[in-house]
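Let's learn to read a protein model together, one feature at a time. Please have a look at what is shown here.

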Amino acid sequence: MSNRKSNTTSRSNVKAPKYSVIYCDPPWHYKARGMFNKGINHSSASKIYKTIKTDKLKTFPMKDIMARNSLLFMWVTSPLLADGIELIKAWGLKFATVGFVWNKVRKTPGSYTVSQCELVLIAKNGKIPVNRGARNIRQ
């Protein structure tokens with residue numbers, strides 16, 4: 001038996017593919033309960049789909065599927081921005097910037113202000129891939 005690190009997933013003996021771009025929309029868990037405003041039920045995410053706490057998301061072996069030089073594009077909501085950056089660091093990646101902002105038509109009441117946008121954070125593993133396309137794409 002060898003102590004060498006294998007390039008296989010823990011679930012099977014099949015080699016995990018390596019990707020230079022990962023597009024990720026984690027099922028974030030929110031601590032807040034559903035909010036009621038003027039009789040309209042603004043449900044929390046957990047009432048719509050199964051959510052996962054940030055500590056559990058940290059256990060996902062993200063770097064196992066990432067190429068040596070690759071980028072992660074990850075959706076995060078404003079209330080969980082700190083969790084998103086923490087998750088990036090836990091996966092051993094380096095936060096680079098906010099790539100895109102989605103200005104939503106449907107607004108959700110937040111704890112402090114109306115939550116109207118979601119962010120796509122960009123993180124990198126290694127160096128930015130060489131074939132990165134245009135550099136003038138606006139947020």
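Q: What should I know before I start?
A: This is a predicted model, where local features need pLDDT of at least 70, side-chain atom pairs count only at pLDDT 80 or more, and totals for chains, interfaces and linings use all residues. Residues are numbered from 1 along each chain as its sequence is written, and side-chain values use heavy atoms, with hydrogens and water left out.

Q: How do I read pLDDT, and which elements have the lowest and the highest mean?
A: pLDDT is the predictor's confidence in each residue, from 0 to 100. Where pLDDT is low, the predicted coordinates should not be read in detail. The protein averages 81, and 76% of the residues score at least 70. Helices (H or I, at least four residues) and strands (E, at least two) are DSSP runs, numbered from the N terminus. Strand E3 (residues 40-42) has the lowest mean, 45, while helix H2 (residues 81-90) has the highest, 97. For residues 1-9 the pLDDT is below 50, and for residues 36-43 it is also below 50.

Q: Which residues of H2 are buried?
A: Buried means under 20% relative accessible area, exposed over 50%, and partly exposed in between (1.4 Å probe, protein chains only). An α-helix has 3.6 residues a turn, so residues three or four places apart point the same way. In H2, the buried residues are Gly 84, Leu 87 and Ile 88. Seen down the helix axis, they fall within an arc of 100 degrees, so they line one face of H2; the arc is that of the directions from the helix axis to the C-beta atoms. On the other side, Ala 82 and Lys 89 are exposed. The cover over the buried residues of H2 includes helix H1 (54-57), strand E4 (66-77), strand E5 (94-108) and E6.

Q: What is a nonpolar core, and which residues touch the most other members of the largest one?
A: It is a set of buried Ala, Val, Leu, Ile, Met, Phe, Trp, Tyr and Cys residues joined through side-chain atoms within 4.5 Å. In the largest core, of 17 residues, Met 62, Leu 72, Met 74, Trp 91 and Leu 93 touch the most other members. Its largest share, four residues, comes from E4. Apart from this core lies another of five residues, among them Leu 71, Phe 73, Trp 75 and Val 120.

Q: Is Asn 125 buried or exposed?
A: Asn 125, found in strand E6 (residues 115-125), is buried, with a relative accessible area of 8%. A polar contact is a pair of N or O atoms within 3.5 Å; within protein, one must be able to donate a hydrogen and the other to accept it, and residues adjacent in sequence count only if both atoms are side-chain atoms. The side chains of Asn 125 and Lys 63 are joined by such a contact of 3.3 Å. A polar atom of the Asn 125 side chain also lies 2.8 Å from the backbone oxygen of Ala 67.

Q: How many salt bridges are there?
A: Side chains of opposite charge can pair when their charged atoms come close. Here a salt bridge is a side-chain nitrogen of Lys or Arg within 4 Å of a carboxyl oxygen of Asp or Glu, and the count is three. Lys 58 pairs with Asp 55, with closest N and O atoms 3.6 Å apart, and with Glu 86, at 2.3 Å. Glu 118 pairs with Lys 104, at 3.2 Å. Glu 118 lies in E6 and Lys 104 in E5, so this pair ties together parts 14 residues apart in sequence.

Methods:
Contact means heavy atoms within 4.5 Å.
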